[in-house]
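Good morning, and thank you for coming. I would like to walk you through one protein chain, beginning with a term that we shall need throughout. Please keep the structure in view as I speak.

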Amino acid sequence: MAENKEARLAHLPLGNASFNEVYQAFSDFTPSFQFGGHLRDDVPPFYKPGQSYLGRIIPEGNRVERSFSPTEYPYVRTALAYLALLTTGRAFGDNSSDPIPLATRTDQAFREQTNPRSFSGALNAGIFGMLENYFDRYPNLAPAMKSVFDTNAGLIGISFAINHEIYDLKLAIDGELTIDKVNDQLLKRPSFVANHQISRLKEEESQPVNYEVWCSGHAVANAISIEAQKAAITIASSTLAKDYDYQKDQQPYTLGILKSHTNQLIERAYHRFGK
């Protein structure tokens with residue numbers, strides 16, 4: 001059930017909601033590391049492992065869930081839409097300055113390193129800087145972002161996007177990743193889709209039931225993917241590429257580092273509003 005552009009953007013004015021309004025929307029939220037939990041009747045199951053959206057073979061008996069209630073979801077959707085835009089150097093609202101795209105942040109971080117240079121480390125630094133800018137611009141959306149990370153979805157989604165792209169610089173140096181391929185990817189289906197399938201045994205059911213849990217943050221993952229590839233291509237075309245040794249790229253990313261960093265930013269936003 002595809003949405004048109006106007007429908008997809010209709011939620012963006014919620015970004016102007018006050019901190020207290022967003023905070024109250026999550027008053028009944030309970031952190032959970034189990035994805036899903038809220039049945040969606042507004043969309044049919046679309047996906048099946050190994051088959052594309054266009055194939056659209058609906059698994060018999062499958063249902064669609066999401067991890068947020070109908071009250072919470074519009075704010076989650078808004079918060080993640082703003083983050084996806086910020087990743088690519090765009091912003092909504094009254095902010096006077098344009099944000100720095102993640103590709104530029106990653107390129108700058110790589111140039112500031114000393115040997116051995118680490119592309120994954122530069123990408124991490126770029127994402128941390130991007131998140132800091134996000135909470136500086138939209139501290140009112142902190143309760144929504146907190147719920148995303150409290151489900152572990154935000155942590156896993158961003159980490160997956162990072163781990164998916166840590167080979168980009170090597171590929172770009174070897175000539176296997178080019179701007180034409182990146183532009184082609186933008187025109188075709190993105191790398192990350194809007195759901196994953198799980199099988200869960202519920203208390204009232206004797207057999208495991210397949211559920212499709214639609215990922216609200218797939219646009220953020222795709223934005224990170226494209227920006228990482230752009231950064232890799234830029235670096236590969238510079239003199240710094242000759243100093244890069246993939247074998248010495250230690251890939252210093254961990255879920256714990258991201259969680260700690262994001263929690264600090266959320267706590268700072270909460271403190272700003274006396275919470």
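A residue is called buried when its relative accessible area is under 20%, exposed when that area is over 50%, and partly exposed in between. Please note also that what you see is a predicted model.

Let us apply the term to one residue. Serine 147 sits in helix H6. Its relative accessible area is 2%, so serine 147 is buried. Which residues does serine 147 touch, leaving aside those up to four places away in sequence? They are Phe26, Phe29, Phe68 and Val76.

Now consider the helix around this serine. H6 is mostly covered, with 8 of its 9 residues buried. Those buried residues are Ala142, Pro143, Ala144, Met145, Ser147, Val148, Phe149 and Asp150.

I turn next to a partner of this helix. Two packed helices are described by the angle between their axes and the distance between those axes. Helix H3, residues 73-87, packs against helix H6, residues 142-150, at an angle of about 95°, and the two axes are 9 Å apart. H3 is therefore roughly perpendicular to H6. On the H3 side, the contact is made by Tyr75, Val76, Ala79, Leu80 and Leu83, while H6 brings Ala144, Met145, Ser147 and Val148. By type, the residues of this contact are 8 nonpolar, 1 polar and no charged.

The largest nonpolar core has 44 residues, and the members that touch the most others are Phe26, Ile127, Tyr134 and Met145. Several elements give two or more residues to this core: helices H2, H3, H5, H6, H7, H10 and H11. Which helix gives the most? That is H3, with 9 residues.

Not counting residues up to four places away in sequence, phenylalanine 26 touches Glu72, Tyr75, Val76, Pro143, Ala144 and Ser147.

Helix H4, residues 102-112, has buried residues of its own, namely Leu102, Ala103, Arg105, Thr106, Asp107, Ala109 and Phe110. The elements that cover them include H3, H5, H8 and H10.

For contrast, please find tyrosine 23, in helix H2. Is tyrosine 23 buried or partly exposed? Its relative accessibility is 30%, so tyrosine 23 counts as partly exposed. Setting aside residues up to four places away in sequence, tyrosine 23 touches Pro143, Tyr270 and Lys275. Along the chain, tyrosine 23 and alanine 144 are 121 residues apart, yet their C-alpha atoms are separated by 7.7 Å.

A further pair involves glycine 121, which lies in helix H5. With a relative accessible area of 16%, this glycine is buried. Glycine 121 and isoleucine 162 are 41 residues apart in sequence, and 10.0 Å separates their C-alpha atoms.

I shall end with the chain as a whole. It has 11 helices and 4 strands. Of its 275 residues, 48% count as buried. Among contacts between residues at least 6 apart in sequence, 79% join residues at least 24 apart. Finally, the accessible surface of the chain comes to about 14,300 Å², and carbon and sulfur atoms account for 52% of it. Thank you for your attention.

Technical notes:
Residues numbered from 1 in each chain as written. Predicted model: local features only at pLDDT ≥ 70, side-chain atom pairs only at ≥ 80, totals over all residues. Heavy atoms only, no water. Axes fitted to C-alpha atoms, helices over the stretch in contact; angles between N-to-C directions. Parallel < 35°, antiparallel > 145°, perpendicular 65-115°, else oblique. Contact = heavy atoms within 4.5 Å. Nonpolar A, V, L, I, M, F, W, Y, C, P; charged D, E, K, R; others polar. Core = buried A, V, L, I, M, F, W, Y, C linked by side-chain atoms within 4.5 Å. Buried < 20%, exposed > 50% of the residue type's maximum accessible area, 1.4 Å probe, protein only. Areas by Shrake-Rupley, 256 points an atom, 1.4 Å probe, with all protein chains shown as cover.
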